[in-house]
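Subject: Structure handover

Hello,

Here is the structure for you to look over. My notes follow below it.

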Amino acid sequence: MHKLRHVGGLALLGLMAGGCGLGSGSHERNIVVPSDPTLLHYVDPATVGGLVPQTLSGGESARRYVHISYPRVEGTPKLDQALNKEAERQLHAFSAAVDAASSDALRPRAGGARAVTSRASAHVGASLRRPELNVQWDLTAASPDVVGVRLRTGEFLGVGWARSTRTLWYDRRRDRAVGSAGLLAGKAALGETARLVRQGLEPRGSTVDLSSVKATDERLDSMAFNRAGDLVVEFDDCEIGSCSLGRVAVAVPAWQVAPLLSATGRLAQAAAMSAPRTANPIPSDPEEEPGGSPMTSGITPRRGAGPGVGAGTRAGAGVEAAVPAGPAAERVSCAETKCVALTFDDGPGPDTPRLLDALRAADARATFFAVGVNAVADPSVLRRMHDEGHLVANHSWGHRDLTKMPVNRVVDGLTRAQDAITAGTGRVPALARPPYGAASTTVLDAARRVGVALVGWDVDARDAFDRPGTRQEAGEITRRVVGGAHDDAIVLMHDTNSATVDAVPGILKELRRKGYTFVTVPELYGSAGMEAGHFYRSGITVEADRP
């Protein structure tokens, strides 16, 4: 759906039986219908073999923030192409909107939240208000026959956070990727579905505009099935009614939609109805949902892992967090040795295993700031990081600019990412890097509550990219890192960029030739440790104290 407007909260539209909502027919199959029939249950991506997250990001050194994530599923090249095309479309539309936006809308607010520092682009305050595009994903189905990917887009252009959804489907039997309209058997079925949706919306009265529910691929572009087989149709914020409604969704009962489905639609419906029924519904994004503790079904710390380093401790005290029992890990005194901390953001991604191979070959340790949604999708890579002596830290749940969020949502997002990383590594992260390095007094307060120290950087490889299909040169990345490195530096790179992974062997070789030892971030601070709620920009600089 192409409209993005201000979010006014979450409003789930459950409709009564006889219209759209709690449908009859499903009870005959002894299926429990959720209290809200528009509630979707998502597939745990860790259970889908051959799935790795794909990430496009940029903004640390730019005037806009971009983070686009979607899954790459083995054996589905046409789905990959469709998702990549959608990423390009959204990025192009966002870029055009940023260029067209009034400069006044993006200027710092007078009297806005106090920035913690004004010295470094790696640590900016809430008052900067950069435009932001954030795209995340859920799996609405993943069976031998069909895969469904629900993309959740958030956009900030100076006035509020706007939200939209779009769901793409891949039919394995027919080897084709389709939009949500492909679930229906042609234009007549699309028209009848729109009529049923309008019928279900009638009890809402003037709060919705029924004439806005049109039988077009663009308007009905986010459709999936609940466990009862009902077709859940979602609309963007403000698309068919007041922004105060928040999310508006209608469930068309299974018995009504069955005659309207295409062959792909029937496969998608069957996949939803046959999915495992043990897990609870998982909120899409604790950073977007109303306040309160996020649900973490399926995210459980490993037995016997112990508390590790986490909430309420000095992050990295005694550098225990820096040396997680890797095979060749040894403690290093950076007071006596030239140290540099290589850090990698946004993963794990498709090239992360190759990066780990390069680090292992050079006997070098690094710090990985993992995004929660990626950690959930690929926990085995996190375990390998831990086992090989690296430190795995928190990079938020969905890579939102935390300075635009209230403290309770920042806490929720950081906490859920903590749980996901702990489940993969067996250790509670003691460090976090706020997306884009953006922090404010609110973010520092949230970090203190969660029990993590915030980490920035003072050497930027400038290897993030925000356009699909682009590729940077590994040699240029190597020159930036080697040229900027100094004693106790914290270097920012991204393991989601294949060119960065190509550059790492050369970076390791050149820096080692200059006498550097590669350590994890807490080792830079030795026995002094790192305090939760403080911001650290390099091994010799504490950028700001907690508020």
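The axes of helix H5 (residues 352-361) and helix H11 come within 9 Å and cross at roughly 0°, where axes are lines fitted to C-alpha atoms, for helices over the stretch in contact, and angles run from 0 to 180 degrees between N-to-C directions. That makes H5 roughly parallel to H11, a label for angles under 35 degrees, with over 145 counting as roughly antiparallel, 65 to 115 as roughly perpendicular and the rest as oblique. On the H5 side the contact (heavy atoms within 4.5 Å) is made by Arg354, Leu355, Ala358 and Leu359, and on the H11 side by Ser498, Val501, Asp502, Val504, Pro505 and Leu508. By class, it has 7 nonpolar, 1 polar and 2 charged residues; Ala, Val, Leu, Ile, Met, Phe, Trp, Tyr, Cys and Pro count as nonpolar, Asp, Glu, Lys and Arg as charged, and the others, Gly among them, as polar.

This is a predicted model, in which local features need pLDDT of at least 70 and side-chain atom pairs count only at pLDDT 80 or more, while totals for chains, interfaces and linings use all residues. Residues are numbered from 1 along each chain as its sequence is written, and side-chain values use heavy atoms, with hydrogens and water left out.

The protein has 11 helices and 19 strands, taken as DSSP runs numbered from the N terminus (helices H or I, at least four residues; strands E, at least two). Of its 547 residues, 59% count as buried, meaning under 20% relative accessible area, against over 50% for exposed and partly exposed in between (1.4 Å probe, protein chains only).

H11 (residues 498-513) comes up again in the core. The largest nonpolar core has 41 residues, of which Leu342 and Leu511 touch the most other members; such a core is a set of buried Ala, Val, Leu, Ile, Met, Phe, Trp, Tyr and Cys residues joined through side-chain atoms within 4.5 Å. H11 supplies the largest share of this core, 7 residues. Beyond its neighbours within four places in sequence, Leu342 is in contact with Ala366, Thr367, Val491, Met493, Leu508, Leu511, Phe518 and Val519. A second, separate core of 39 residues includes Val208, Val232, Val248 and Ala251.

Next, strand S16 (residues 489-494). Here 6 of the 6 residues are buried, so S16 is largely enclosed by the rest of the structure. Ala489, Val491 and Met493 point one way from S16, and Ile490, Leu492 and His494 the other way. Strand S10 (residues 339-345) runs parallel to S16 and is joined to it by 6 bridges; strands pair if DSSP finds at least two bridges between them. Ala341 has Ile490 as its bridge partner in S16. Strand S15 (residues 459-460) also pairs with S16 in the parallel sense, over 2 bridges, and Val459 is partnered there by Val491.

Elsewhere, 6 strands form an open sheet of mixed pairing in the order S1-S2-S3-S4-S5-S6. Strands S1 (51-58) and S6 (176-179) stand at the edges with a single partner strand each, so one side of each is left without a neighbour in the sheet. The twist averages 20° from one strand to the next.

Finally, Leu267 lies in helix H4 (residues 263-273) and is buried, at 11% relative accessible area.

Regards
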